[in-house]
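Here is a short report for a reader who is new to this structure. Please look over the sequence and the model before reading on.

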Amino acid sequence: MQQQGAGTPDWDDETLAIRAGTERSPFGEHSEAMYPTSSYVFTSAAEAAARFAEVEPGYTYSRFTNPSVTMFENRLAALEGAERCVATASGMSAINALCMALLKQGDHIVASQSLFGSTIGLFNNILSRFGISVSYVPLSETVAWREAVQPNTRLFFMETPSNPLTEVGDIRAVAEIAHQAGALLAVDNCFATPILQKPLQMGADLVVHSATKYLDGQGRVLGGAVLGKADLMQQVFLYLRTAGPTLSAFNAWVLLKALETLPLRMERHCRNAAELAAWLQTQPTVKRVYYPGLPDHPQHELASAQLALPGGMLSFEVVGGREAAWQVIDACQLISITGNLGDSRSTITHPATTTHFRISPEARELAGIGEGLLRVSVGLESVQDLQADLARGLVRLA
Ligand SMILES: *Cc1c(COP(=O)(O)O)cnc(C)c1O
């Protein structure tokens with residue numbers, strides 16, 4: 001196979017997204033081929049032995065490596081500025097692989113409070129059974145991270161911007177605290193993508209992705225990735241090839257093609273979200289809008305420094321609580337009522353009764369997730385059409 005583009009780090013993201021990681025078969029195909037094969041043949045017994053002994057590079061079995069998966073890994077690694085990427089079957093298998101590879105019984109995690117629900121489930125219900133404990137801290141209160149450190153703290157885990165209130169954590173400051181504590185910082189970069197934020201360049205040791213969201217961006221496949229330094233990633237790779245939650249060749253190929261348009265899509269997601277956020281602020285039945293691009297966002301300054309653009313996710317609080325929020329959702333004819341996010345199609349959810357319903361009402365109020373809160377993952381449709389869709393419900397609340 002011919003290497004093309006690997007090790008050309010001076011390209012801009014727009015070029016890397018299209019060119020990095022491409023490998024061509026002897027047929028010389030222009031667009032990347034898909035390799036749906038479980039195993040690989042060898043020219044001799046000696047070659048088979050050398051491949052299995054890892055003294056000769058090459059493919060042996062697709063639970064270990066696959067050319068479609070390799071191309072996706074190398075392209076995403078180029079975009080994140082990572083030494084190595086290991087692709088996984090989903091975002092959750094990426095987070096699970098990271099923990100299983102790098103933690104052991106007795107270790108402690110410090111994590112931001114407002115994490116993806118299944119990440120909290122993994123930490124609280126599964127890792128706890130293997131003797132790994134976790135402390136949660138408010139994402140944007142940098143001192144709280146330091147105060148939560150224990151002698152056995154091995155991992156800091158952060159998701160920024162947060163869901164659904166778009167709170168922003170200081171990656172540089174928290175990385176420094178983690179390193180002083182002898183711990184690693186992992187950032188779930190799902191909401192920002194490498195186009196908006198490159199945590200490894202800000203001191204994070206690891207990045208995890210749910211490729212299911214913006215990286216695909218079209219709601220088609222599940223996928224995930226862990227990225228970081230080669231020595232850490234080798235441990236993640238060894239776990240993955242043994243335990244098995246690897247990315248399929250088909251999904252890798254879909255994601256590889258999706259990365260080509262990621263810079264374009266993110267720019268449009270952000271522009272639509274910024275316009276929608278500004279418009280929502282002018283609506284008399286909207287109490288408050290949460291979007292890092294708005295000057296009144298509590299971490300606006302940090303967000304402007306840390307994110308190239310403020311993202312495609314926003315939330316807003318309507319007057320009238322749950323009943324009013326549900327009315328706005330039910331009046332939508334264009335925006336999809338679904339919990340998924342990072343899709344070319346805009347989606348709307350009522351966090352208090354869906355993604356965050358398991359949390360007690362008191363804890364929800366404390367976290368700022370009120371009954372009148374709505375979250376929108378702003379898609380690529382016309383922003384005028386999105387405004388009209390939300391306006392239909394909002395005017396009824398007056
Ligand atoms: C969706 C999501 C995940 C989990 O990803 P899956 O691909 O659904 O397993 C993890 N983190 C964040 C922030 C997410 O939005």
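With which residue does E32 form a salt bridge, and how far apart are the closest N and O atoms? The partner is K257, and the closest N and O atoms of the pair are 2.7 Å apart. One point comes before the rest: this is a predicted model.

## Salt bridges

Start with the two ends of that pair. E32 is buried, because its relative accessible area is 6% and buried means under 20%. K257 is partly exposed, with a relative accessible area of 22%. The pair also belongs to a network of salt bridges, which links E32, R75, K257 and E260.

In general, side chains of opposite charge can pair when their charged atoms come close. The count for this model comes to 14 salt bridges. The table gives three of them.

| E32 | K257 | 2.7 Å |

Take the second row. E371 is partly exposed, at a relative accessible area of 23%. R322 also counts as partly exposed, at 36% relative accessibility.

D389 and R392 both lie in helix α15 (residues 383–394). They are 3 residues apart, which is about one turn of the helix. D389 counts as buried at 2% relative accessibility. R392 is partly exposed, with a relative accessible area of 27%.

## The ligand and its surroundings

Now turn to the ligand. The residues around the ligand are S90, G91, M92, F116, E159, D188, C190, F191, S210, T212, K213 and G223. This shell divides into 4 nonpolar, 5 polar and 3 charged residues.

Which residues place polar atoms by the oxygen atoms of the ligand? G91 has a backbone N or O atom 2.8 Å from an oxygen atom of the ligand. M92 has a polar backbone atom 2.8 Å from an oxygen atom of the ligand. K213 uses its side chain: a polar atom there lies 2.6 Å from an oxygen atom of the ligand. Taken alone, the ligand exposes 380 Å², and the protein buries 92% of that.

## Backbone geometry

Most residues other than glycine have a negative phi, and most peptide bonds are trans. Some places in this model depart from that pattern.

Two cis peptide bonds come first. The bond from T160 to P161 is cis, with omega near -5 degrees. P161 is found in the loop between β6 (153–159) and α7 (171–180). Another cis peptide bond joins N163 and P164, with omega about 0 degrees. P164 too has its place in the loop between β6 and α7.

Next come two positive phi values. E54, a residue other than glycine, has a phi near 60 degrees. E54 is found in the loop between α2 (45–52) and α3 (67–80). T193 is also a residue other than glycine, and its phi is near 65 degrees. T193 has its place in helix α8 (residues 193–196).

T193 is buried, with a relative accessible area of 1%.

## A buried glutamine in a loop

The last stop is Q283. Its place is in the loop between α11 (262–281) and β10 (286–290). Q283 is buried, with a relative accessible area of 15%. A polar atom of the Q283 side chain lies 3.5 Å from the backbone oxygen of W279.

Technical notes. Residues numbered from 1 in each chain as written. Predicted model: local features only at pLDDT ≥ 70, side-chain atom pairs only at ≥ 80, totals over all residues. Heavy atoms only, no water. Helix = DSSP H or I, 4+ residues; strand = E, 2+ residues; numbered from the N terminus. Buried < 20%, exposed > 50% of the residue type's maximum accessible area, 1.4 Å probe, protein only. Polar contact = N/O pair within 3.5 Å; in protein donor to acceptor, adjacent residues only side chain to side chain. Near = heavy atom within 4 Å. Areas by Shrake-Rupley, 256 points an atom, 1.4 Å probe, with all protein chains shown as cover. Nonpolar A, V, L, I, M, F, W, Y, C, P; charged D, E, K, R; others polar. Salt bridge = Lys/Arg side-chain N within 4 Å of Asp/Glu carboxyl O.
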